[in-house]
Amino acid sequence: MSITAERPKVGATPDPSHRRRGAIVEWLTTTDHKKLGVLYMCTAFFFFLVGGLLALGIRLELAEPGQQFFSSHTYAQMFTIHGTTMIFLFAAPFGLGLANYLVPLQIGAPDMAFPRLNALSYWLFAAGGLLIFLGFGASGGAAGAGWTGYAPLSEVRWTPGAGIDLWIIGLTLTSISGILTGLNLVTTVALLRAPGMTMWRLPVFTWDMLTTSVIILMAFPPVATALSLLLIDRRLGGHVYDAATGGDPILYQHLFWFLGHPEVYIVILPFFGVITEIIPVFSRKPLFGYFGFILATLAIAALSMTVWAHHMFTTGAVDNPFFSAMSMMIAVPTGVKFFNWIFTMWGGKISFKTPMLFAMGFLFNFLIGGVTGVILASPSIDFHVQDTYFLVSHFHYVMMGGAAFLVFAAIYFWFPKFTGIKLRESLGRLTFALMFVGFNLTFWPQFVVGLRGMPRRIVDYPSSLGYDTPNLVSSIGSGVLALGVLVFLIDLVVSLRRRVPAGGDPWGGYSLEWATSSPPPEHNFDRVPPIRSVRPTFDLRHPELADPGAGKEVSP
Amino acid sequence: MSVHARRVLSALVVAVGAALLSGCASSFGIPDGATEQGRDINDLWGRFFVASLIVGGITLALIVIAIVVFRRRRGDDALPRQSEGNVPLEIVYTAIPIAIVIVLWSLSMTTENRVLDVADDPDVSVHVEAFAWGWRFGYPQEGVELVSEPDTAGPQMVLPVGRTTRIRLTSDDVIHSFYVPDFLFKRDAVPGHVWEFDITPAETGVFEGTCAEFCGLNHAFMRFSVRVVEPAEYASWLRTAADAQAEQEATL
Ligand code: HEM
Ligand SMILES: [Cu+2]
Ligand SMILES: [Cu+2]
C-alpha cells in the first residue's frame, strides 16, 4: 500500500541563472503555506541569532563590576532590543511559522484558508522586525525603554529620538500580522479538515495552535491600541499616559500587560504542542490523557486572560489577592500537562534521539521555570524579587530553557519533513549537551544573585554586594550556550552539503504530515489516508491495532 | 592547563559551592529581613522554598524514573502496551495541585495583610520623592531634607529601630522603585500617585537601597542607604540635622 507519491518532476528548465532568479521570485511571491512557513521560521531563527548576539554583549558587560564595554545608552538599547526581538520576532513568530507549515498538513488540507492573507502576514512581520532594527540608525538610537516600554519613560519628553516611534510602528505591524495569522489558522481548522478529522481527532499541536490563535485574537488588539495611544502621546500631543498633564502611567501597564501576559502563552502553547507530538512518538505510545490535555490547554487560555496584573504587584495599584489567586491557579493545568507527559513515557520504550533529548531538557528547565512562577505569584515574595535577576532567570527558564529548547526539538524533529534530509544525530547530541549545560550555567547563578537583590536592567553593579562571582559564572555559561548554537549551525551546513535522504516518515510519526512525502508535494497529499483516530499514520503502520475499517483510502 | 583555564575552572567550583551553600543557609538565599515586615516575608519564602523543593523534587523524580526505567533496550522492537489514559489517576493529579495552590495562596494572603498593614499612629514619617536620578528624603515635622548629590553613594535615611515608620512615596518624573533588599521590600514610585506603607526596622545597621524600576540612563547608579539606629541616637541625629538645615537656610 503506497501512501506517498513522488513529487512530479518539473519539465525542462533552460538557463540556470534564469532558474535561480525564478526561484527567488517564487519565494518572494509565494502564497504556499509551506514556503511561507519556512520563510517565517528562517526569519525568526535569524532574529534569534541577532537577539542572542545582543545577549552575549549584555553578559560581556556584566561579567565583572565596572563599565567596560558599553555606555549606559547603548546598554539600554541592547537589552530593550534583545527582549523585544526574542519575544516578538523570534519565539512567537517561530511558533506561527511552524503552524503555517504543519497545521494544514496535520488536518489533511491542501493549504491555509486564505493563502494571500497568509503571505501578507509574513511580510508585515518581516517589515515590523526591520523597522524595529532601523532604530539603530535613528538619531538617539534604537528604543531603549525596555521591552515593556513603560510610560512615562517612553514619552517623548524622556526619550525624544525616533527609535521608540519605529519600535511602536514595528510592533504594531507584527501585532497586525499575528492577528491575521490567528484568523487564518482558526478558519483553516474550522473549515478545511479532511473527512474523518473530527475535533477530537485533531493532533495536539493543531489544538494548541487553535487555542493560541484565539488568545492572539483577544490579546493583540489591546496591545496595538496601547502602543497607538503611546504614539499619539508622543507625536500628536496626547496626554493619555503622562501624569504631568492628567494622564496615568498605570493605565499603560494595564493595557500592556493585558497583552503581555497572554503573550507568554502565545509563545509557549505552540511548543506545548510540539513536545506533545514528540514525547509519544519517541515513547512509542499514544498521549496519556488526550482529553484532559486539551481541557488543560483551554483552561490555560481562559486563565491567561485573568492574570495580567501579577506584573504590577509592586505598583500598589492593583487587587493583589485576585491576581495572585488566578496566577497560582494557572499552575494547575500546567501541572496536568507535566503529568500527561510523564505518564506518556511511563510504560513506554523511549529512544533518545535529538528531538527527545531537547524535550527532556525542556521538562527539567520548564519545571524550574514553573515552580519559580508560583513563587513569583505570591505578592509578598514578589515585593522582594520583582525586577531583580530572580525574575530574569525565571522567565528565561520559561522562554529560553522552555520555548527555545523546543524550537530546537522542533527543528530536529521536522527538518527531515521540511527538506527531505536528515540532520546529524551526533552533532545534535553535542548541540544539546552544550546548550543544556550552558543554559543552566547562565541562568542558575542569576537566581542566586537575584535573591540577594541585584536589580535587572543595570549596566553596572557595586562589587561589595556579593554579585561578582555569580555574574562571572553566568557570563561564562552564556559562552557555552553560544557554542552549542554554533555547533547547531555547523550541523545545518554539514547536513545540507552531504545529504542523507530522510524518507517520508523517519521517526515512526503519528500525525498526517508523516503520511506524505518529504518534502510534501505542492498540494500536500496525493491521497489522504483514512482518519479513524488521533494517530492516522500510526494506524496505517499497525492495521492490526487500528479500528476495523481502517486501511481504506479516502480521496481528498 | 593554562592559567586562564584554571582561573575559569576555580570560578566554576566556587560558584557551584556558593549556589549550594546559599540554598542550605537558614534563609535559602535571601536576606534575613531587617524589618518586622521583612522577617514575615522571609518566613513565607521559607515555606514556599520547602514546598517548591518537595513538589519539584517529586516531579523530577518521576521524570528521571520514567527516563531510566522505560528507556528502549537495544533490539527491542515490540510495541509497548498502548494505554491512552486513566481517569482516576487524572483526577488525582488535578486535585492535588489545586489543594497545594489553595494552601500557598492562603499563606500568601495572611502574610500580605500583615506586611501591607498601616498603623493608625506611626512613630516616624518620611516623605520619599524619587526623581531622575536620585532621591529626596524629607522629615516634614522637623524640616529635614536629604537629597542625592552627583557622584555620591546617594542620601542616607536614618530610622529608629523598633519604631514604625510611615513612608509616603511618589515620583517627580518617570516611574522608579524604592527597594531595600535587606527589608525584602520594594514599592514603585509612580508620578501622579502617592503610596503609603509602614516599615518597622528590627535591627540596627546600614542597609543598601537602590532604584529597581528602569528609569533611564543612570538607573544603575540611583542608590541610597538606610541607617537604623537606637531611638536615642535617632533623636539626637534628627536634632543636629534640623539645626544644620536651619542654619544653612539662614545663610542663604
Ligand atoms: C540566548 C540566550 C539568552 C541569554 C544569554 C539572555 C540573557 C539575558 C539577560 C542577561 C537579560 C537581562 C538584561 C538586563 O536586565 O540588563 C535578558 C533580558 C531579557 N531576555 Fe534574554 N537571554 C537569552 C535568550 C532569551 C530568549 C530566548 C528570550 C525570549 C524568548 C529572552 C527574553 C528576554 C527578555 C524579555 C528580557 C527582558 C528585556 C528587558 O528587560 O527589557 N531572552 N536576557
Ligand atoms: Cu529610578
Ligand atoms: Cu531606576
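B:Asp198 and B:Arg166 form a salt bridge, with their closest N and O atoms 2.5 Å apart; a salt bridge here is a side-chain nitrogen of Lys or Arg within 4 Å of a carboxyl oxygen of Asp or Glu. The pair links distant parts of the chain, 32 residues apart: B:Asp198 is in strand β8 (residues 195–199) of chain B and B:Arg166 in strand β5 (residues 165–171) of chain B. Helices (H or I, at least four residues) and strands (E, at least two) are DSSP runs, numbered from the N terminus.

This is a predicted model, in which local features need pLDDT of at least 70 and side-chain atom pairs count only at pLDDT 80 or more, while totals for chains, interfaces and linings use all residues. Residues are numbered from 1 along each chain as its sequence is written, chains are lettered from A and ligands numbered from 1 in the order in which they are written, and side-chain values use heavy atoms, with hydrogens and water left out.

**Salt bridges**

- The structure holds 19 salt bridges over all chains.
- Side chains of opposite charge can pair when their charged atoms come close.
- B:Asp198 is buried, at 4% relative accessible area, and B:Arg166 is buried at 12%. Buried means under 20% relative accessible area, exposed over 50%, and partly exposed in between (1.4 Å probe, protein chains only).
- B:Arg166 and B:Asp198 belong to a network of salt bridges that also includes B:Arg168 and B:Glu196.
- In chain A, the side chains of A:Asp165 and A:Arg235 meet in a salt bridge of 2.5 Å, N to O. This pair also links distant parts of the chain, 70 residues apart, with A:Asp165 in helix α5 of chain A and A:Arg235 in helix α6 (residues 204–235) of chain A.
- A:Asp165 is buried, with a relative accessible area of 9%, whereas A:Arg235 is partly exposed because its relative accessibility is 43%.
- A:Glu26 forms a salt bridge with A:Lys35, the closest N and O atoms being 2.8 Å apart. A:Glu26 is partly exposed at 43%, and A:Lys35 is buried at 18%.

**Strands β6 and β7 of chain B**

- Strand β6 (residues 176–180) of chain B pairs with β7(B) in the antiparallel sense over 5 bridges; two strands pair if DSSP finds at least two bridges between them.
- B:His176 stands opposite B:Ala189 in β7(B).
- The hairpin of β6(B) and β7(B) has 4 residues between the strands, and B:Leu184 there takes a positive phi near 55 degrees.
- Strand β7 (residues 185–189) of chain B is mostly covered, with 5 of its 5 residues buried. B:Phe185, B:Arg187 and B:Ala189 point one way from β7(B), and B:Lys186 and B:Asp188 point the other way.

**Surface patches of chain B**

- Patches are made of residues with over 30% relative accessible area and no salt bridge; like charges are joined within 9 Å, and nonpolar side chains (Val, Leu, Ile, Met, Phe, Trp, Tyr) within 5 Å. Accessible areas come from the Shrake-Rupley method with a 1.4 Å probe, and for residues only the protein chains shown count as cover.
- A nonpolar patch on the surface is formed by B:Val50, B:Leu53, B:Ile54, B:Val55, B:Ile58, B:Val92, B:Ile96 and B:Ile100, with about 670 Å² of accessible area together. The elements giving two or more residues to this patch are α2 (36–69) and α3 of chain B, and α2(B) gives the most, with 5 residues.
- B:Ile96 lies in helix α3 of chain B and is partly exposed at 47%.
- B:Asp117, B:Asp120, B:Asp121 and B:Asp123 form a negative surface patch. Lys and Arg count as positive and Asp and Glu as negative, while His and the chain ends are not counted; the place of a charge is taken as NZ of Lys, CZ of Arg, CG of Asp or CD of Glu.
- B:Asp121 is in the loop between α3 (87–116) and β1 (124–131) of chain B and is exposed, at 63% relative accessibility.

**Backbone points**

- A cis peptide bond joins A:Ala151 and A:Pro152, with omega about 0 degrees. A:Pro152 is in the loop between α4 (115–134) and α5 (163–191) of chain A.
- Another cis peptide bond, also with omega about 0 degrees, joins B:Ala132 and B:Trp133. B:Trp133 is in the loop between β1 and β2 (134–139) of chain B.
- A:Asn524 has a positive phi near 75 degrees and is buried at 0%.
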